[in-house]
Every structure is written in structure tokens, then in C-alpha cells.
Amino acid sequence: MAFNNLTSKAVLIYDDWIKDADPRVDGYLLMSSPFPQTFIIASYIYIVTSLGPKIMENRKPFDLRQIMFFYNFGIVALSIYMTYEFLMSGWATGYTFRCDIVDYSRSPQALRMVRVCWLYYFSKFIELLDTIFFVLRKKNAQVTFLHVFHHSIMPFTWWFGVKFAPGGLGTFHGLINCMVHVIMYTYYGLCTLGPAFHKHLWWKKYMTTIQLVQFLLITLHIGQIYLTGSCQYQYPIFMFIIWLYGFLFLILFLHFWYNAYTKGQRLPKHLQNGVRNKNE
């Protein structure tokens with residue numbers, strides 16, 4: 001009886017909470033509730049940390065260079081497209097880069113922002129293949145806590161953003177992340193072409209700097225909202241989550257920079273995936 005009462009209360013709380021969701025995302029894949037994506041992410045974590053390595057334990061690593069070439073440049077093309085859509089749906093057509101609230105209208109531009117927000121969210125499931133490739137190639141040292149955490153938390157948190165606030169200042173880090181991915185996945189794709197091309201990848205050393213700039217911009221963009229204190233953004237909790245995410249990874253990459261370039265020491269394993277060549 002007590003369990004039934006608790007379940008009923010949980011259902012009522014959920015129903016009361018979900019009724020404030022943006023109706024414009026109704027019908028979009030995976031947007032009906034957070035449970036399908038939770039199952040996918042949980043399965044991903046289990047596969048890449050337990051099941052996959054066990055299956056591959058006594059097998060030879062797969063040679064996936066051709067597949068990864070098309071995969072990486074596919075992500076590049078998708079990231080370029082999403083960058084353009086983020087710009088055209090707000091960031092280059094009216095957003096102030098300060099207090100930009102969500103436009104909940106059904107204007108063509110507002111609906112365009114909804115579509116690119118969902119596409120960005122869905123792209124995070126495509127990027128789970130990064131880790132699957134590690135496992136199939138027996139690069140288990142690269143399946144670190146930080147790597148799995150990053151790939152798991154992004155789609156999970158973005159579901160709530162798309163469901164309740166697809167637009168406004170909360171999409172800035174999506175725009176920046178797409179730009180960074182154009183550079184990063186281009187590098188990863190070129191690496192699949194073999195050692196003959198590695199000598200041309202002189203900009204590998206700047207990958208960490210690019211990541212640092214990304215998280216610094218995200219942290220500063222959200223931070224300035226708190227300094228003004230007058231922004232009427234509809235979901236302040238999202239601002240805090242984005243700021244916390246940006247600040248956390250800024251600290252982690254600064255730690256990497258200090259150890260790798262200032263002290264010249266080898267970075268702890270749980271941080272190495274930040275700049276390690278994924279296609280070596």
C-alpha cells in the first residue's frame with residue numbers, strides 16, 4: 001500500500017512537471033519522456049565499460065580506419081550544418097549574446113531554432129560511437145571516466161533543454177561546441193589516413209587551447225548573466241547547470257595544460273582522452 005501511494009505521488013509530480021514542456025517538440029524522436037534516453041545511456045555505459053571489453057578480451061582489435069574516416073567527416077559536415085542553423089535561427093539574426101530569452105512562438109525562425117536544438121541533442125547519441133570504436137579497437141585505456149561521463153551527461157541534460165527551453169542563451173554552448181567539433185573531427189578524420197598525413201597535422205598541439213577557449217567562453221557567457229542580475233531567462237536552473245558544466249571542464253583542461261605544458265609531466269589517465277589522438 002505504501003509503495004502504491006509513493007508511486008502515485010511520483011506519477012502526479014511527474015505529470016505536473018511535464019505539463020510545462022514546450023508543445024512544439026511533441027512528436028520529435030526521443031522527446032516523449034526522459035526514460036527512453038535514460039535506457040540508451042545506461043546501456044551505453046554498461047556496454048563500453050563492461051560488456052564490450054569482455055567480448056573483445058580474446059579477440060583481435062578491428063581495423064576501422066575506413067569507417068572512422070567517413071564517420072569523422074560525417075560529424076564535421078553535421079557540425080557545419082548545425083553551426084549555420086544556430087547562427088541563422090538566432091545567434092547571427094538578433095541574439096545579443098547577453099540576456100537572450102527563449103522565443104516560444106511558432107514563427108519560422110523560432111521553429112528553426114527548435115529543430116536545430118533537437119538535431120544537436122540527437123547528434124550526441126551519434127557521438128556515442130566514439131567510445132564504441134575505442135572498445136572495438138581495444139583502446140580501453142581511452143575509455144576513461146571523464147570520457148564516458150562527458151558522452152553520457154550531454155544528451156541527458158540536453159533532453160531537458162530541448163523539452164523545456166529550445167532557444168535563447170542556453171544554446172550558446174551548443175553553437176560553440178559545433179564550431180569546435182568542426183576542427184576536432186577534421187583532425188580525427190585526417191589521422192585515419194595514416195602516418196603519411198600525420199606530419200601535416202602541425203595544429204595538434206593547439207587542440208587543448210581550442211578546448212580551453214570553448215569552456216572559457218561558455219563560463220564567461222553564463223557568468224555575465226549573474227553579474228547583470230536582471231535577466232528574465234525562463235529557466236534559471238539551466239543557466240546554473242551550463243555554467244557548472246563549463247567551469248568544471250575549464251578546470252579539468254587547465255589542469256591538463258599545467259601538467260602537460262608547464263610541468264611537462266604525464267597527465268593522469270582519467271584526463272588523457274581530452275587531447276589524445278582518437279585514431280592512433
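This is a predicted model: local features need pLDDT of at least 70, side-chain atom pairs count only at pLDDT 80 or more; totals for chains, interfaces and linings use all residues.
Biologist: How many salt bridges does a search of the whole structure find?

Modeller: The search returns 5 salt bridges. One of them joins the side chains of Asp 22 and Arg 24, with an N to O distance of 2.7 Å.

Biologist: Are Asp 22 and Arg 24 buried or exposed?

Modeller: Both Asp 22 and Arg 24 are buried.

Biologist: Which residue does Lys 124 form a salt bridge with?

Modeller: The partner of Lys 124 is Glu 127, and their closest N and O atoms are 3.1 Å apart. Lys 124 counts as buried because its relative accessibility is 4%, and Glu 127 is likewise buried, at 5%.

Biologist: And what about Arg 65, which residue does it form a salt bridge with?

Modeller: Arg 65 pairs with Asp 63, with 3.1 Å between the closest N and O atoms. Arg 65 has 47% relative accessibility and so counts as partly exposed.

Biologist: Why does Asp 63 count as exposed?

Modeller: Its relative accessibility is 56%, and the cut-off for exposed is over 50%.

Biologist: Changing topic, which residues does the UniProt annotation "transmembrane region" cover?

Modeller: The unreviewed UniProt entry gives that annotation to residues 27–48, 69–87, 118–136, 143–162, 174–197, 209–227 and 233–258.

Biologist: How much helix is there over residues 27–48?

Modeller: That stretch is 64% helix and 0% strand, with its end C-alpha atoms 30 Å apart. Over residues 118–136 the chain is 89% helix and 0% strand, and there the end C-alpha atoms are 29 Å apart.

Biologist: Where is Leu 30, then?

Modeller: Leu 30 sits in the loop between helix H1 (2–18) and helix H2 (35–56). Its phi is near 75°, a positive value in a residue other than glycine. Most residues other than glycine have a negative phi. Leu 30 is buried, because its relative accessible area is 16% and the limit for buried is under 20%.

Biologist: What is the phi of Lys 138?

Modeller: Lys 138 has a positive phi of about 60°, although it is not a glycine. Its place is the loop between helix H5 (129–136) and H6. With a relative accessible area of 32%, Lys 138 is partly exposed.

Biologist: How far does helix H9 reach from its first C-alpha to its last?

Modeller: H9 (residues 207–228) reaches 32 Å over 22 residues, close to the 32 Å expected at 1.5 Å a residue. Gly 229 follows H9 and has a positive phi, near 70°.

Biologist: How far apart are Phe 97 and Ile 225 in space?

Modeller: Their C-alpha atoms are 10.0 Å apart, although the two residues are 128 apart in sequence. Phe 97 lies in the loop between helix H3 (65–91) and helix H4 (108–126), and its relative accessible area of 36% makes it partly exposed.

Biologist: Finally, what volume does the largest pocket have?

Modeller: Its volume is about 370 Å³. The lining of the largest pocket comprises 22 residues, with Thr 157, His 173, Phe 238, Ile 241 and Ile 242 nearest the centre.

Biologist: Which elements give two or more residues to that lining?

Modeller: They are helix H6 (145–164) and helix H10 (236–262). H6 gives the most, with 8 residues.

Biologist: How many residues of the lining are nonpolar, polar and charged?

Modeller: The lining of the largest pocket has 16 nonpolar residues, 6 polar ones and no charged ones.

Note on methods. Residues are numbered from 1 along each chain as its sequence is written. Side-chain values use heavy atoms; hydrogens and water are left out. A salt bridge is a side-chain nitrogen of Lys or Arg within 4 Å of a carboxyl oxygen of Asp or Glu. Buried means under 20% relative accessible area, exposed over 50%, partly exposed in between (1.4 Å probe, protein chains only). UniProt positions are given in the numbering used here, feature names are shortened, and annotations may be inferred rather than shown by experiment. Helices (H or I, at least four residues) and strands (E, at least two) are DSSP runs, numbered from the N terminus. The expected span of a helix is 1.5 Å times one less than its number of residues. On a 1 Å grid over the protein atoms alone, a cavity is a set of points where a 1.4 Å probe fits but cannot get out, and a pocket is an open set with protein on both sides within 12 Å along at least five of seven lines; lining residues have an atom within 4 Å of a point. Grid points are joined across faces, edges and corners, and a volume is the space filled by probe spheres set on the points. Ala, Val, Leu, Ile, Met, Phe, Trp, Tyr, Cys and Pro count as nonpolar, Asp, Glu, Lys and Arg as charged, and the others, Gly among them, as polar.
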